[in-house]
Amino acid sequence: ASGDAKATEGGASGDAKATEGGASGDAKATEGGASGDAKATESGASGDAKATEGGASCDAKTMEAGALSNEKVTGATSDGDGKSQPQPAEQVNPTDPLEGYAEQPFVKAVQLLRKNKFDDIIKLLTEAIDGGDPVFVPHALLLRAAMHSLWRQDQLAVADYEAVINLPGLQPQMYSNALVNKANVLFGLQEVGQCQDCFTQALVVDPACADVYIHRARIVMELENQSLDLISNAVSDLETALKLAPGHSYSHYRLAAAYHRLMGITQSMQLMETVKSKFEKAYRQFPSNAEGLVLYAMFLQDLQELQKAEDVLMEAVKLEPGSPLPHFALGLIALLFHQAGQRALDCMETAISVDRSCVQAYDTMASLELQRGNSARAMELYDKAIQFSRTKAEMAQVCISKELVSAQEKARIEFGISAQEMTESFARGE
């Protein structure tokens, strides 16, 4: 669930999917043609929106920030001609904008969120929307939308974001926030046209909102089919965003990654120095952005600077021990370049231990288990990947892999071929 996605030093937004760095996440650890595509870190191991056994565990600060734009509790009041006008709450404690509102359902919901207690949050937010203080209605809608998105109830999330957008007298920042987050949900539903429309609407109302440019670029970087024009637009959007918010650390890394992608599309080695200098500049200025370090490491991997890439990823692990991305990337390096299957498997298991919704880790582990002849375990892992898929495209990719494996397993049993014989046969290209 995307929180506020503020263009601030805070780094990447919760749903920013690290690794646009041109990493070939082709880690095709395959058995029997089953694609273990593991598209390195570009596909969405979200560190901020974890689903855990007891419910959904997410970054409470990110979620809360999405509902409390600008750290202010704002609402709308009616002026003399009956038009609704934004009205800030004047006596807000800058260290905690909710102080003094303890009995409000919205505030109770936020307090539960801060404690990672999710069971009653939707109920409290609904009370806040239906009968609480009107000042909290837009904030409650935003937070409920984020919760719906976290629980993969995407249509309900879209409905809540639209309810915010349709509120009269809404502040431009909150309006653009709702549109950006609606766009993110629509992209997950593969509604790319509607997604782009949301960004266009947001810029009409809030043209200086860096978030819009940042997320629009991210969407382009995650499209399956990319073109020179699309990636050029992403580069332009990120450059604009950094003019508006030069302190947004992750966008510096993302811009370097976008240039790297541009280099791949144009096959222009002349861009190599630009890519390298931008990554190195980002690393010098913002060495503490863990997700950015993953992007940088993927670039170093492409340069075959494997030891440096692994060192950078270990820095990311220290900075964000709760993120699966560095572990996943370390696993890919072990698999692709060191042919160290057990080490790769260990890294994937670690990624899942810190975020059990890391779809790519399940997918890659399934491929590795297939190579070992453990087809039953592989099918379990594919089922987990399907369970935690956040987009239709992601789910479709895993389902195809699973069905291929299932068909191969049936054929293997029917013809009396052992798993090892089948693996060796495919390795010989038979």
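## Tyr-283 and the model

Tyr-283 is partly exposed, with 22% relative accessibility. Partly exposed lies between buried, under 20% relative accessible area, and exposed, over 50% (1.4 Å probe, protein chains only).

The model is predicted, so local features need pLDDT of at least 70, side-chain atom pairs count only at pLDDT 80 or more, and totals for chains, interfaces and linings use all residues. Residues are numbered from 1 along each chain as its sequence is written, and side-chain values use heavy atoms, without hydrogens and water.

## Aromatic pairs

The structure holds five aromatic pairs. Rings of Phe, Tyr and Trp (its six-membered ring) pair if their centres lie within 6.5 Å; planes under 30 degrees apart are stacked, over 60 edge-to-face, and the rest tilted.

One of the pairs joins Phe-279 and Tyr-296. This pair is stacked, at 5.7 Å centre to centre with 25° between the planes. Phe-279 sits in helix H11 (residues 272–285) and Tyr-296 in helix H12 (residues 290–302), 17 residues apart. Helices are DSSP runs (H or I, at least four residues), numbered from the N terminus. Phe-279 is buried, at 0% relative accessible area. Tyr-296 is also buried, at 1%.

Tyr-296 also pairs with Tyr-283. Here the rings are tilted: 5.1 Å centre to centre, 40° between the planes. Tyr-283 belongs to helix H11 and Tyr-296 to helix H12, so this pair links distant parts of the chain, 13 residues apart.

## The cluster

Ring pairs link four residues into a cluster: Phe-279, Tyr-283, Tyr-296 and Phe-299.

How values were computed
Helices (H or I, at least four residues) and strands (E, at least two) are DSSP runs, numbered from the N terminus.
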